[in-house]
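Subject: Structure for you to look through

Hello,

Here is the structure I promised to hand over. Please open it first, then read my notes below with the model on screen.

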Amino acid sequence: MPSFMEPFRIKAVEPIPFPAPGERSEALETAGYNLFRVPARLITIDLLTDSGTSAMSAAQWSALVSGDESYAGARSFERFERVVTELTGFGEVLPVHQGRAAERILLHRLLRPGRLCVANTHFDSTRASVLAAGSEAIDLPVPVPSGTVLPFGGNIDLAALERLLSGPDGGRVACVVLTVTNNANGGQPVSLENAAQARRLCRAHGVPLLLDASRFAENAYLVGTRSPAHAGATPRELARAMFDLADGCWASLKKDGVANIGGLIALRDPELARRCADQLIETEGFPTYGGLAGRDLDALAQGLLEVTDPAYLRYRAESAGWFAERLERAGLPVVRPAGCHAVYVDAGRLLGHIPPHELPATAFAIELYLAGAVRVTELGTLVFGRPDPAGGPDLPAPRELVRFALPRRVYTANHLEYVAEVAGEVAAKASAIRGYRITEQTGALRQFAATLAPLGDTESVRS
């Protein structure tokens with residue numbers, strides 16, 4: 001039995017589809033073996049992402065009704081701005097429709113061709129924005145020796161950062177980004193001490209330090225539970241301490257805004273904010289609504305108040321830890337320690353017979369869907385690998401991870417028990433699973449639209 005209890009009760013329900021095995025096979029073939037292209041009506045448990053998939057609270061639904069839909073200077077924006085400023089301490093607040101719009105606007109104001117953007121690890125959309133600006137994305141994750149479990153595995157490698165900033169390419173660094181928590185590296189948190197040292201290095205070299213704060217509350221909770229120096233501090237206090245170290249942030253509020261749409265840019269520099277607002281007007285709308293309805297801004301403001309509730313965050317962390325244990329018992333190699341927003345499985349270890357260019361993480365995810373209509377996302381070579389300029393096999397990702405994302409306030413322990421059982425069935429036949437190849441791909445975010453085929457098919461590879 002789980003050791004946690006959901007700190008809420010269910011007020012509305014939605015039926016779950018149960019597609020038959022034949023329907024699942026047909027859906028996959030029709031989708032080109034790309035789980036992003038499988039219709040949601042053919043998914044039983046959807047752990048593809050925690051982004052925009054939250055269940056909103058009664059207070060958030062109430063906020064929707066009271067939203068002010070005025071085009072400029074709406075009351076809903078004033079509430080949103082006040083909540084964000086109190087939370088972060090940043091005086092310049094710009095709403096946008098989602099996180100990738102925020103990072104694209106801000107990064108395109110900071111970057112230009114030939115510059116470097118340095119991060120603990122860039123996620124896929126962040127890397128795409130950097131590349132679109134003509135710049136280069138440099139990942140400096142903290143080294144994790146094999147078999148070692150780090151409480152703050154999301155940290156940036158400070159020694160490597162200092163070498164880069166002090167070296168011949170230091171003048172090319174336009175910004176340093178800490179993604180909190182580190183989604184691409186197992187959902188691990190960043191410590192306040194690591195952020196403070198990164199801030200010291202950035203100040204010494206005149207480089208702005210930014211946060212991708214999409215999961216700021218979960219990072220803050222994990223700091224409070226994993227760092228004895230911060231025991232007793234509230235998640236809201238620890239979140240503010242992290243924001244105080246940065247020059248600005250962007251966030252997808254589809255995560256720790258606990259809502260279905262929305263994002264933000266928050267900055268200290270009024271001039272940089274003005275430049276971002278100019279671009280925002282061109283692509284998102286007037287700066288006091290940023291592509292969102294007033295009702296969305298009100299729901300987000302309420303979500304940003306609820307998300308730092310210690311009882312909610314305790315449940316979030318304990319349920320993720322319990323789910324990680326269930327997957328381990330089912331025979332899956334789980335990335336430890338578990339974070340809050342997802343549990344990650346090392347498909348490279350489970351499917352050691354499949355080389356990276358044959359997409360072992362994708363192969364595992366597909367088998368999971370076939371076995372029980374469970375959808376997860378691969379964070380391996382399909383997402384983070386790169387085509388070989390010389391025409392050989394894809395350059396592999398650092399790790400072949402599969403992410404079991406946990407939508408906020410959506411699934412109960414019984415749902416996750418089912419997922420663990422299905423995952424155990426897949427693990428039991430791991431040696432028989434075969435790899436996949438890409439048959440068609442386009443763009444920097446190829447995973448969303450690529451088509452695949454099981455190895456052994458005769459269709460030629462196109463790019």
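One term first. Two strands pair if DSSP finds at least two bridges between them. Strand S2 (residues 92-96) and S8 meet that mark, with five bridges in the antiparallel sense. Keep in mind throughout that this is a predicted model.

**Domains**

Start with the overall layout. The protein chain is split into domain 1 (21-50 + 310-454) and domain 2 (58-307). Their C-alpha centres are 26 Å apart. At the boundary, 28 residues of domain 1 touch 30 residues of domain 2. About 2,300 Å² is buried between domain 1 and domain 2, and carbon and sulfur atoms give 58% of that area. Which three residues supply more than any other three of the area that domain 1 buries against domain 2? They are Leu313, Pro337 and Arg408, with 23%.

**The seven-stranded sheet**

Now find the open sheet. Seven strands form it, in the order S2-S8-S7-S6-S5-S3-S4, and the pairing is mixed. S2 and strand S4 (136-139) stand at the edges. Each has a single partner strand, so one side of each has no neighbour in the sheet. From one strand to the next, the twist averages 20 degrees.

Look at S8 next. It pairs with S2, as said above. Glutamate 92 sits opposite leucine 267 of S8. Strand S7 (residues 248-252) also runs antiparallel to S8, again joined by five bridges. There, glycine 248 is the residue opposite leucine 267.

Is S8 largely enclosed or left open? Buried means under 20% relative accessible area. Five of the five residues of S8 (residues 263-267) are buried, so the strand is largely enclosed by the rest of the structure. Both faces are covered. Gly263, Ile265 and Leu267 are buried on one side, and Leu264 and Ala266 on the other.

Move along the sheet to strand S3 (residues 116-119) and strand S5 (residues 173-179). These two run parallel, joined by four bridges. Leucine 116 stands opposite valine 173 in S5. Helix H7 (residues 192-204) lies across S5 and strand S6 (209-212). H7 runs at about 145 degrees to S6.

**Helix H1**

Then go to H1 (residues 21-30). Its buried residues include Arg24, Ala27 and Leu28. Seen down the helix axis, the buried residues of H1 fall within an arc of 95 degrees, so they line one face. The face of H1 turned away from the buried side carries Gly22, Glu26, Glu29 and Thr30, which are exposed. After H1 comes glycine 32, with a positive phi near 65 degrees.

**Strand S14**

Last stop: S14 (residues 451-454). Both of its faces are covered. Thr451 and Ala453 are buried on one side, Leu452 and Pro454 on the other. Strand S13 (residues 436-440) runs antiparallel to S14, and four bridges join them. Across this pair, tyrosine 436 has proline 454 as its bridge partner.

Best wishes

Note on methods
Residues are numbered from 1 along each chain as its sequence is written. This is a predicted model: local features need pLDDT of at least 70, side-chain atom pairs count only at pLDDT 80 or more; totals for chains, interfaces and linings use all residues. Side-chain values use heavy atoms; hydrogens and water are left out. Buried means under 20% relative accessible area, exposed over 50%, partly exposed in between (1.4 Å probe, protein chains only). Axes are lines fitted to C-alpha atoms, for helices over the stretch in contact, and angles run from 0 to 180 degrees between N-to-C directions. Contact means heavy atoms within 4.5 Å. The arc is that of the directions from the helix axis to the C-beta atoms. Domain bounds come from an automatic or database domain assignment. Buried area is the accessible area (1.4 Å probe) that two parts lose on being put together, summed over both.
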